[in-house]
Amino acid sequence: MDFYVTAFELIDLRSFSNLWFWIMLAVFWSTASHYVLGVPFDMVGRAAKHGGQAEQDLQDLVRINANRLTYISDEAGTWLTIFASFLVTGLVLTGFVYDVEFCQALSLIIVPMLLVFGISIHNARKTFGQTGDDLRRTLRRHRIVVQLIGMMSILVSSMWGMYVNITTGVL
């Protein structure tokens, strides 16, 4: 019996009172803001500082990832939109209408990430033909927008999590 009690305390579906949810939220947003269009952001600074091969590597990696994102959106964009709409609608309804806390937590992570994905596709199309300062400026702006979305997402998640924890008396 001790094992089951310990296991269910570790894998708790009350997300907002669980440390794993907050760790996962932080990892999601730190990863999203570090990899700008799939490119590690330190490459942008290195390309600006050193130029030459670092600049060429940045342009190649952005070109590869931008081609990949636009290919996915061109080939499967409609189906991905339909599936994402179905998933998000189901999560939001289950979470906020039927009051399932786990679905609320997933909604507060997935909805902003879908917004970031849409902005990434837009900026991937924008980077075609850009080089040098223009490319780095686009990547910097994209990172700032992702960080702003992440800050708002973390703020909303923490406020909603505090509300849920206070009203349900979990703590």
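Visitor: Which helix supplies the largest share of the lining of the second largest pocket?
Guide: Helix 4, with 7 residues. The model is predicted: local features need pLDDT of at least 70, side-chain atom pairs count only at pLDDT 80 or more, and totals for chains, interfaces and linings use all residues. Numbering runs from 1 along each chain as its sequence is written, and side-chain values use heavy atoms, leaving out hydrogens and water.

Visitor: What makes a run of residues a helix?
Guide: DSSP does: H or I over at least four residues gives a helix, E over at least two a strand, both numbered from the N terminus. Helix 3, for instance, spans residues 42–50.

Visitor: What makes a space a pocket and not a cavity?
Guide: On a 1 Å grid over the protein atoms alone, a cavity is a set of points where a 1.4 Å probe fits but cannot get out; a pocket is an open set with protein on both sides within 12 Å along at least five of seven lines. Lining residues have an atom within 4 Å of a point. The largest pocket holds about 370 Å³. Of its 18 lining residues, A32, M113, V116, F117 and S120 are the closest to the centre.

Visitor: How many residues of each class line the largest pocket?
Guide: There are 13 nonpolar, 4 polar and 1 charged. Ala, Val, Leu, Ile, Met, Phe, Trp, Tyr, Cys and Pro count as nonpolar; Asp, Glu, Lys and Arg as charged; the others, Gly among them, as polar.

Visitor: Why do D74 and R125 count as a salt bridge?
Guide: The rule asks for a side-chain nitrogen of Lys or Arg within 4 Å of a carboxyl oxygen of Asp or Glu. Here the closest N and O atoms are 2.6 Å apart, so the pair qualifies. D74 sits in helix 4 and R125 in helix 5, so the bridge ties together parts 51 residues apart in sequence.

Visitor: Why is D74 called exposed?
Guide: Exposed means over 50% relative accessible area, buried under 20%, partly exposed in between, with a 1.4 Å probe and protein chains only. D74 has 51%, so it is exposed. R125, at 38%, is partly exposed.

Visitor: Is R136 buried or exposed?
Guide: Buried, at 8%. Its side chain meets that of D133 in a salt bridge, N to O 2.2 Å. Salt bridges with shared partners join E55, D133 and R136 into one network.

Key. Grid points are joined across faces, edges and corners, and a volume is the space filled by probe spheres set on the points.
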